[in-house]
Amino acid sequence: MADTIDMTTSPEEHSDGVETHEPPTPQAPETDPQVPEPESEPAPGRRRRLWTRIGRASVAAPRAMHVLLLVICLFLGTALVTQVRSQRHDPLETLKQEDLVILLGELDEREKVLRAERAELQTRLDQLRRAADQRSAADEAVRKTTELARVNAGTVPVTGQGVQVTVIDKDNALGATQFVMALGELRNAGAEAVELNGVRLTSRAYFSSDARGVLVNGQRISSPYVWKIIGPAKTIAAALEIQAGSAAQMRAKGAQVDILESERIKIDSVATAQPPAWAVPSNN
(Lines give C-alpha, C1' and ligand atoms only; values in the text may rest on other atoms or scores of the structure.)
Protein backbone atom coordinates (compact mmCIF):
# COMPACT_ATOMS: atom_id res chain seq x y z
CA MET A 1 0.00 0.00 0.00
CA ALA A 2 1.45 3.48 -1.05
CA ASP A 3 1.73 6.16 1.60
CA THR A 4 -0.60 9.15 1.38
CA ILE A 5 1.13 12.50 0.83
CA ASP A 6 -0.45 15.61 2.29
CA MET A 7 -0.11 18.39 -0.14
CA THR A 8 -0.67 21.08 2.52
CA THR A 9 2.38 20.28 4.50
CA SER A 10 5.68 22.00 4.01
CA PRO A 11 8.42 20.44 2.06
CA GLU A 12 10.50 20.08 5.20
CA GLU A 13 7.89 18.05 6.73
CA HIS A 14 8.00 15.75 3.86
CA SER A 15 11.65 15.85 3.32
CA ASP A 16 11.93 12.28 4.18
CA GLY A 17 8.69 11.40 2.54
CA VAL A 18 7.23 10.27 5.87
CA GLU A 19 4.28 12.03 7.51
CA THR A 20 4.55 12.59 11.25
CA HIS A 21 1.59 13.56 13.45
CA GLU A 22 2.52 15.03 16.85
CA PRO A 23 -0.25 16.13 19.17
CA PRO A 24 -0.40 19.85 19.93
CA THR A 25 1.01 20.84 23.35
CA PRO A 26 -1.56 22.70 25.52
CA GLN A 27 -0.41 26.02 26.77
CA ALA A 28 -1.45 27.73 30.00
CA PRO A 29 -3.53 30.91 29.55
CA GLU A 30 -1.53 33.94 30.01
CA THR A 31 -2.45 36.25 32.88
CA ASP A 32 -2.24 39.94 32.92
CA PRO A 33 -0.26 41.02 36.05
CA GLN A 34 -1.77 44.50 35.76
CA VAL A 35 -5.40 43.34 36.45
CA PRO A 36 -6.21 42.76 40.27
CA GLU A 37 -7.89 39.59 41.31
CA PRO A 38 -11.52 39.92 42.59
CA GLU A 39 -12.09 39.84 46.42
CA SER A 40 -13.49 36.67 48.03
CA GLU A 41 -17.25 37.07 48.73
CA PRO A 42 -20.07 34.52 49.45
CA ALA A 43 -21.27 32.75 46.54
CA PRO A 44 -24.79 33.57 45.41
CA GLY A 45 -25.98 30.13 46.52
CA ARG A 46 -24.64 30.57 50.03
CA ARG A 47 -26.17 34.03 50.45
CA ARG A 48 -29.48 32.77 49.19
CA ARG A 49 -29.47 29.90 51.71
CA LEU A 50 -28.53 32.30 54.56
CA TRP A 51 -31.43 34.65 53.83
CA THR A 52 -33.72 31.68 53.54
CA ARG A 53 -32.77 30.54 57.05
CA ILE A 54 -33.28 34.02 58.52
CA GLY A 55 -36.71 34.27 56.94
CA ARG A 56 -37.75 30.90 58.24
CA ALA A 57 -36.56 31.75 61.79
CA SER A 58 -38.48 35.03 61.79
CA VAL A 59 -41.79 33.44 60.81
CA ALA A 60 -41.37 30.16 62.75
CA ALA A 61 -44.00 29.53 65.54
CA PRO A 62 -42.55 29.74 69.10
CA ARG A 63 -42.33 26.50 71.05
CA ALA A 64 -44.25 25.88 74.31
CA MET A 65 -41.07 25.85 76.37
CA HIS A 66 -40.08 29.22 75.00
CA VAL A 67 -43.47 30.69 75.85
CA LEU A 68 -43.30 29.24 79.37
CA LEU A 69 -39.85 30.66 80.00
CA LEU A 70 -41.01 34.02 78.71
CA VAL A 71 -44.02 34.03 81.06
CA ILE A 72 -41.88 33.02 84.06
CA CYS A 73 -39.40 35.76 83.34
CA LEU A 74 -42.17 38.34 83.04
CA PHE A 75 -43.75 37.18 86.29
CA LEU A 76 -40.48 37.23 88.23
CA GLY A 77 -39.62 40.62 86.88
CA THR A 78 -43.02 42.04 87.80
CA ALA A 79 -42.86 40.59 91.31
CA LEU A 80 -39.37 41.91 91.85
CA VAL A 81 -40.31 45.39 90.72
CA THR A 82 -43.47 45.38 92.88
CA GLN A 83 -41.58 44.28 95.96
CA VAL A 84 -38.90 46.86 95.51
CA ARG A 85 -41.50 49.60 95.07
CA SER A 86 -43.49 48.49 98.10
CA GLN A 87 -40.39 48.47 100.28
CA ARG A 88 -39.36 51.83 99.14
CA HIS A 89 -42.82 53.32 99.56
CA ASP A 90 -43.94 54.25 103.06
CA PRO A 91 -47.45 55.69 103.20
CA LEU A 92 -46.65 57.54 106.42
CA GLU A 93 -43.97 59.55 104.68
CA THR A 94 -46.53 61.42 102.65
CA LEU A 95 -48.68 62.35 105.65
CA LYS A 96 -48.44 65.70 107.33
CA GLN A 97 -47.76 66.15 111.01
CA GLU A 98 -51.41 67.02 111.71
CA ASP A 99 -52.53 63.87 109.94
CA LEU A 100 -50.07 61.80 111.95
CA VAL A 101 -51.43 63.24 115.20
CA ILE A 102 -55.00 62.40 114.17
CA LEU A 103 -53.96 58.89 113.16
CA LEU A 104 -52.21 58.34 116.49
CA GLY A 105 -55.33 59.47 118.37
CA GLU A 106 -57.49 57.05 116.39
CA LEU A 107 -55.09 54.23 117.18
CA ASP A 108 -55.30 55.05 120.89
CA GLU A 109 -59.09 55.00 120.80
CA ARG A 110 -59.05 51.71 118.93
CA GLU A 111 -56.68 50.24 121.51
CA LYS A 112 -59.03 51.29 124.34
CA VAL A 113 -61.99 49.66 122.58
CA LEU A 114 -60.05 46.45 122.06
CA ARG A 115 -58.96 46.40 125.71
CA ALA A 116 -62.58 46.84 126.84
CA GLU A 117 -63.71 44.01 124.56
CA ARG A 118 -60.93 41.82 125.90
CA ALA A 119 -61.95 42.50 129.52
CA GLU A 120 -65.60 41.72 128.70
CA LEU A 121 -64.66 38.46 127.01
CA GLN A 122 -62.45 37.51 129.95
CA THR A 123 -65.36 38.15 132.34
CA ARG A 124 -67.68 35.98 130.27
CA LEU A 125 -65.04 33.27 130.13
CA ASP A 126 -64.71 33.30 133.91
CA GLN A 127 -68.50 33.08 134.29
CA LEU A 128 -68.64 30.12 131.92
CA ARG A 129 -65.87 28.38 133.81
CA ARG A 130 -67.64 28.88 137.13
CA ALA A 131 -70.89 27.62 135.64
CA ALA A 132 -69.08 24.60 134.22
CA ASP A 133 -67.50 23.91 137.61
CA GLN A 134 -70.86 24.22 139.35
CA ARG A 135 -72.50 21.97 136.80
CA SER A 136 -69.68 19.46 137.18
CA ALA A 137 -70.03 19.56 140.96
CA ALA A 138 -73.79 19.13 140.67
CA ASP A 139 -73.33 16.18 138.32
CA GLU A 140 -70.85 14.63 140.74
CA ALA A 141 -73.26 15.12 143.65
CA VAL A 142 -76.07 13.52 141.66
CA ARG A 143 -73.85 10.61 140.74
CA LYS A 144 -72.84 9.98 144.34
CA THR A 145 -76.42 10.33 145.57
CA THR A 146 -77.66 7.88 142.96
CA GLU A 147 -74.90 5.42 143.81
CA LEU A 148 -75.69 5.68 147.53
CA ALA A 149 -79.40 5.21 146.85
CA ARG A 150 -78.70 2.09 144.79
CA VAL A 151 -76.52 0.67 147.57
CA ASN A 152 -79.14 1.39 150.22
CA ALA A 153 -81.85 -0.08 148.02
CA GLY A 154 -79.70 -3.18 147.52
CA THR A 155 -79.98 -3.08 143.72
CA VAL A 156 -76.22 -3.40 143.01
CA PRO A 157 -73.53 -5.88 144.18
CA VAL A 158 -71.18 -4.38 146.75
CA THR A 159 -67.88 -5.20 148.41
CA GLY A 160 -65.86 -3.88 151.33
CA GLN A 161 -64.68 -4.64 154.83
CA GLY A 162 -67.12 -6.20 157.24
CA VAL A 163 -68.08 -9.27 159.20
CA GLN A 164 -69.29 -12.75 158.37
CA VAL A 165 -71.47 -14.40 161.00
CA THR A 166 -72.27 -18.12 160.84
CA VAL A 167 -75.12 -19.46 163.01
CA ILE A 168 -75.66 -23.18 163.33
CA ASP A 169 -79.05 -24.07 164.77
CA LYS A 170 -79.18 -27.86 164.95
CA ASP A 171 -82.32 -27.92 167.10
CA ASN A 172 -84.17 -25.43 164.87
CA ALA A 173 -84.80 -23.38 167.98
CA LEU A 174 -84.32 -19.91 166.53
CA GLY A 175 -87.32 -17.90 165.51
CA ALA A 176 -88.03 -14.65 163.68
CA THR A 177 -87.45 -12.64 166.89
CA GLN A 178 -83.75 -13.44 167.06
CA PHE A 179 -83.27 -12.56 163.37
CA VAL A 180 -85.12 -9.26 163.68
CA MET A 181 -83.05 -8.39 166.75
CA ALA A 182 -79.81 -9.26 164.93
CA LEU A 183 -80.71 -7.15 161.87
CA GLY A 184 -81.58 -4.17 164.09
CA GLU A 185 -78.21 -4.37 165.87
CA LEU A 186 -76.37 -4.58 162.58
CA ARG A 187 -78.05 -1.43 161.26
CA ASN A 188 -77.44 0.41 164.51
CA ALA A 189 -73.75 -0.54 164.30
CA GLY A 190 -73.43 0.99 160.85
CA ALA A 191 -73.99 -1.93 158.52
CA GLU A 192 -74.39 -0.67 154.95
CA ALA A 193 -75.26 -3.92 153.21
CA VAL A 194 -76.54 -7.21 154.66
CA GLU A 195 -77.10 -10.59 153.08
CA LEU A 196 -78.57 -13.66 154.76
CA ASN A 197 -78.27 -17.02 153.01
CA GLY A 198 -78.12 -15.30 149.61
CA VAL A 199 -81.06 -12.94 150.29
CA ARG A 200 -80.29 -9.23 150.20
CA LEU A 201 -81.79 -7.51 153.22
CA THR A 202 -83.04 -3.96 152.72
CA SER A 203 -85.34 -1.63 154.65
CA ARG A 204 -88.27 -3.64 153.31
CA ALA A 205 -86.93 -6.97 154.63
CA TYR A 206 -89.11 -8.90 157.07
CA PHE A 207 -88.88 -12.21 158.95
CA SER A 208 -91.44 -14.80 159.88
CA SER A 209 -91.19 -18.27 161.35
CA ASP A 210 -93.28 -21.41 161.74
CA ALA A 211 -92.77 -24.92 163.02
CA ARG A 212 -90.42 -25.76 160.15
CA GLY A 213 -88.12 -22.81 160.59
CA VAL A 214 -87.56 -19.18 159.54
CA LEU A 215 -88.61 -17.29 156.42
CA VAL A 216 -87.06 -14.05 155.14
CA ASN A 217 -89.09 -11.95 152.72
CA GLY A 218 -91.34 -15.00 152.41
CA GLN A 219 -88.44 -17.23 151.39
CA ARG A 220 -87.63 -20.17 153.66
CA ILE A 221 -84.05 -20.48 154.87
CA SER A 222 -82.37 -23.14 156.98
CA SER A 223 -79.29 -23.65 159.15
CA PRO A 224 -76.48 -22.88 158.83
CA TYR A 225 -77.43 -19.25 158.61
CA VAL A 226 -74.67 -17.17 157.01
CA TRP A 227 -74.75 -13.44 157.48
CA LYS A 228 -72.56 -11.22 155.29
CA ILE A 229 -72.34 -7.68 156.60
CA ILE A 230 -70.41 -4.78 155.02
CA GLY A 231 -69.58 -1.95 157.39
CA PRO A 232 -67.17 -1.08 160.23
CA ALA A 233 -66.01 -4.57 161.15
CA LYS A 234 -64.89 -3.95 164.72
CA THR A 235 -67.96 -1.90 165.61
CA ILE A 236 -70.31 -4.52 164.21
CA ALA A 237 -68.49 -7.38 165.91
CA ALA A 238 -68.58 -5.55 169.22
CA ALA A 239 -72.28 -4.77 168.81
CA LEU A 240 -73.10 -8.42 168.21
CA GLU A 241 -71.11 -9.53 171.25
CA ILE A 242 -72.57 -7.10 173.76
CA GLN A 243 -74.14 -8.53 176.82
CA ALA A 244 -77.68 -9.73 176.15
CA GLY A 245 -77.16 -8.93 172.48
CA SER A 246 -78.36 -10.96 169.51
CA ALA A 247 -75.39 -13.35 169.59
CA ALA A 248 -76.00 -14.02 173.27
CA GLN A 249 -79.71 -14.58 172.62
CA MET A 250 -78.94 -17.14 169.86
CA ARG A 251 -76.42 -18.94 172.02
CA ALA A 252 -79.03 -19.04 174.76
CA LYS A 253 -81.27 -20.94 172.31
CA GLY A 254 -78.53 -23.52 171.81
CA ALA A 255 -77.19 -22.19 168.51
CA GLN A 256 -73.50 -21.86 167.66
CA VAL A 257 -72.48 -18.34 166.62
CA ASP A 258 -69.11 -17.58 164.95
CA ILE A 259 -68.13 -13.99 164.12
CA LEU A 260 -65.26 -13.41 161.66
CA GLU A 261 -63.97 -9.99 160.75
CA SER A 262 -62.68 -9.56 157.16
CA GLU A 263 -61.12 -6.83 155.06
CA ARG A 264 -63.15 -7.88 152.08
CA ILE A 265 -66.72 -9.09 152.16
CA LYS A 266 -68.45 -9.48 148.80
CA ILE A 267 -72.24 -9.46 148.40
CA ASP A 268 -73.49 -10.46 144.95
CA SER A 269 -77.22 -10.76 145.67
CA VAL A 270 -79.46 -7.84 144.77
CA ALA A 271 -82.96 -6.81 145.72
CA THR A 272 -85.74 -5.80 143.38
CA ALA A 273 -86.50 -2.11 143.69
CA GLN A 274 -90.12 -1.32 144.44
CA PRO A 275 -91.44 2.18 143.72
CA PRO A 276 -93.11 3.90 146.67
CA ALA A 277 -96.89 3.78 146.61
CA TRP A 278 -97.59 6.90 148.70
CA ALA A 279 -94.34 8.76 149.30
CA VAL A 280 -93.39 11.31 146.64
CA PRO A 281 -90.56 13.87 146.62
CA SER A 282 -91.54 17.15 148.23
CA ASN A 283 -90.43 20.47 146.74
CA ASN A 284 -90.50 22.00 150.22
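The lining of the largest cavity divides into 11 nonpolar residues, 1 polar residue and no charged ones. The model is predicted. A search of the whole structure finds 1 cavity of 30 Å³ or more. The largest cavity holds about 80 Å³ of space. The largest pocket has a volume of about 350 Å³, and the second largest pocket has about 150 Å³.

**Cavity**

- Strand E1 (158–168) contributes at least two residues to the cavity lining, as do H4, E7, helix H6 (246–252) and strand E8 (256–267).
- H6 gives the largest share of the lining, with 3 residues.
- Val165, Val167, Ala182, Leu186, Trp227 and Ile229 are among the residues that line the largest cavity.
- The lining also includes Leu240, Ser246, Ala247, Met250, Val257 and Ile259.

**Strand pairing**

- E1 and strand E7 (residues 225–230) run antiparallel and are joined by 6 bridges.
- Val167 stands opposite Tyr225 in E7. Val167 is also one of the residues lining the largest cavity.
- E2 and E7 run antiparallel too, with 4 bridges between them.
- Glu195 has Lys228 in E7 as its bridge partner.

**Largest pocket**

- The largest pocket is lined by 14 residues.
- Closest to the centre of this pocket are Ala153, Thr202, Arg204, Ala271 and Thr272.
- Helix H3 (97–153) and strand E3 (199–201) each supply at least two lining residues.
- By class, the lining of the largest pocket has 6 nonpolar, 6 polar and 2 charged residues.

**Second largest pocket**

- The lining of the second largest pocket is made of 13 residues.
- Asn152, Glu192, Ala193, Leu201 and Thr202 lie nearest the centre of this pocket.
- Thr202 is also named among the residues closest to the centre of the largest pocket.
- H3, helix H4 (176–188), strand E2 (193–196) and E3 each supply at least two residues of the lining.
- This lining divides into 6 nonpolar, 4 polar and 3 charged residues.

Definitions and conventions:
Residues numbered from 1 in each chain as written. Predicted model: local features only at pLDDT ≥ 70, side-chain atom pairs only at ≥ 80, totals over all residues. Heavy atoms only, no water. 1 Å grid on protein atoms, 1.4 Å probe; cavity = no way out; pocket = protein on both sides within 12 Å on 5 of 7 lines; lining within 4 Å. Points joined across faces, edges and corners; volume = space filled by probe spheres on them. Nonpolar A, V, L, I, M, F, W, Y, C, P; charged D, E, K, R; others polar. Pairing = 2+ DSSP bridges.
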